[in-house]
Number of protein chains: 2
Amino acid sequence: MLSKKTKYGLKALTYLASRSENCPVQISEIAKHENISQKFLESILLSLRKTGILGSKKGKGGGYYLIKKPADILMTDVMRILEGPIAMVPCVSLNFYEKCDDCPDEATCSVNKLMLMVRDANLGVYRSHTLADILVQSKEA
Amino acid sequence: MLSKKTKYGLKALTYLASRSENCPVQISEIAKHENISQKFLESILLSLRKTGILGSKKGKGGGYYLIKKPADILMTDVMRILEGPIAMVPCVSLNFYEKCDDCPDEATCSVNKLMLMVRDANLGVYRSHTLADILVQSKEA
DNA sequence: GAATATCCTATTAAGTCTATAGGGTATTAG
DNA sequence: CTAATACCCTATAGACTTAATAGGATATTC
């Protein structure tokens, strides 16, 4: 299940990317437009800023903005920041590898084998798409 | 993150599939061999029986056994039973579709668009593999 | 220097997952 | 027949995670 954090984060990024001008946008505006609790969104945007996806400006006229162009923001990075490891078990994780304590041997573990394939399938999607790719044109009359 | 339920369930199925004879195996034997809490495993095997993956036999000499051949047990079925919907959001689920209450229009939702691709990637893996495919030969000296 | 908007920590409420407990029921062996 | 065996089923408790809220600190602009 996708966490609300990830869902809200993606929606916020999409909203920022869809604006013609890349000037600072206030949390409150994003929250209102995307139906998100403002305070919760605040913490999400903060983590996106700390990890180099967003920039921010304080004070009047401040807000958040994309640091890179949407076409340069990979889904792999976004998903790792928001949702955590892409692998469903630590023993097949590229960036967060950990041995299972209950499993004597990964080489003969069927869970490992299956989850390795799943990880690669997901990586395939995330690595080949950027924020620009998931923008959807709103239909005009 | 893969739930322990799914992990244990897969290990139990693998254990059953790896046995040469398809005769009933006691819960206790599986639990011991795979390092799983016996009572927890009991409930997992029960749900696999109720959904037609396993059969069971009561009384002395009883236990659980595979109803079909490993090559006929699709990972899609197993994963849906153990882990639930394959889609990460209900609005892209084939079997458990539900509209997001906070999303005005799926057609213009970037989360929907991304998760649709992820779902298809995962389905691709699960649909093309059976229990037989994830069995791993243990190395013999 | 007052208003604005982000920054940061702590906390709580809700929900889910994991595991355990305890007894019920059907089957088999002798 | 009967006693042992092993699955069947429900309920519940504890741990953990997630979602949301609260409250104030800090920096910037006009």
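**Entry 1. Conventions**

I take helix axes as lines fitted to C-alpha atoms over the stretch in contact, and I give angles from 0 to 180 degrees between N-to-C directions. Helices (H or I, at least four residues) and strands (E, at least two) are DSSP runs, numbered from the N terminus. The model is predicted: local features need pLDDT of at least 70, side-chain atom pairs count only at pLDDT 80 or more, and totals for chains, interfaces and linings use all residues. Residues are numbered from 1 along each chain as its sequence is written, and chains are lettered from A and ligands numbered from 1 in the order in which they are written.

**Entry 2. Chain A as a whole**

I looked up the secondary structure of chain A and found six helices and two strands. Read from the N terminus, the order of elements is α-α-α-β-β-α-α-α. Along the principal axes, the C-alpha atoms of chain A fill a box of roughly 60 × 35 × 25 Å. I then looked at burial, where a residue is buried if 20 or more other C-beta atoms lie within 10 Å of its own, exposed if 12 or fewer, and partly exposed in between, with C-beta atoms placed from the backbone. Of the 141 residues in chain A, 31% are buried. For contacts I required C-beta atoms, placed from the backbone, within 7 Å. Among contacts in chain A between residues at least 6 apart in sequence, 57% join residues at least 24 apart.

**Entry 3. Helix 4 against helix 5**

I examined helix 4 (residues 75-83) of chain A, which packs with helix 5 of chain A at an angle of about 115°, their axes being 7 Å apart. In this contact A:M75, A:T76 and A:M79 of helix 4 meet A:L123, A:Y126 and A:R127 of helix 5. I sorted residues by class: Ala, Val, Leu, Ile, Met, Phe, Trp, Tyr, Cys and Pro count as nonpolar, Asp, Glu, Lys and Arg as charged, and the others, Gly among them, as polar. The contact of the two helices has four nonpolar, one polar and one charged residues.

A:M75 is buried, because 23 other C-beta atoms lie within 10 Å. A:M75 touches A:Y126, A:H129, A:T130 and B:L114, residues up to four places away in sequence not being counted. A:L131 is 56 residues from A:M75 in sequence, yet the C-alpha atoms of the two are 6.6 Å apart.

**Entry 4. The two copies**

How is chain A laid on chain B? I used the least-squares superposition on the C-alpha atoms of residues with pLDDT of at least 70 in both. A turn of 180° with a shift of 0.0 Å along the axis gives an RMSD of 0.0 Å. The two copies are therefore related as by a two-fold rotation axis. A:A121 is the residue of chain A that comes closest to this axis, at 2.7 Å (C-alpha).

At the interface, 29 residues of chain A are in contact with 29 residues of chain B. Helix 1 and helix 5 (110-127) of chain A each supply at least two residues of this side, and helix 5 has the largest share, eleven residues. By class, I list 18 nonpolar, seven polar and four charged residues on the side of chain A. The copies meet through the same surface, because 100% of the interface residues of chain A are also interface residues in chain B.

**Entry 5. The DNA strands**

I counted a residue as near a strand if its C-beta atom, placed from the backbone, lies within 6 Å of it. DNA strand D has 24 residues around it, of which A:K4, A:S37, A:K39, A:G59 and B:S56 come nearest. Helix 3 of chain B gives the most to this surface, with four residues. The surface has four nonpolar, eleven polar and nine charged residues.

DNA strand C is surrounded by 24 residues, the closest being A:S56, B:S3, B:S37, B:K39 and B:G59. Here the largest share, four residues, comes from helix 3 of chain A. The class division is four nonpolar, eleven polar and nine charged.

Most residues other than glycine have a negative phi. A:N35 lies in the loop between helix 2 (27-34) and helix 3 of chain A. A:N35 counts as partly exposed because it has 13 C-beta neighbours inside 10 Å.

How values were computed
Two residues are in contact if their C-beta atoms, placed from the backbone, lie within 7 Å.
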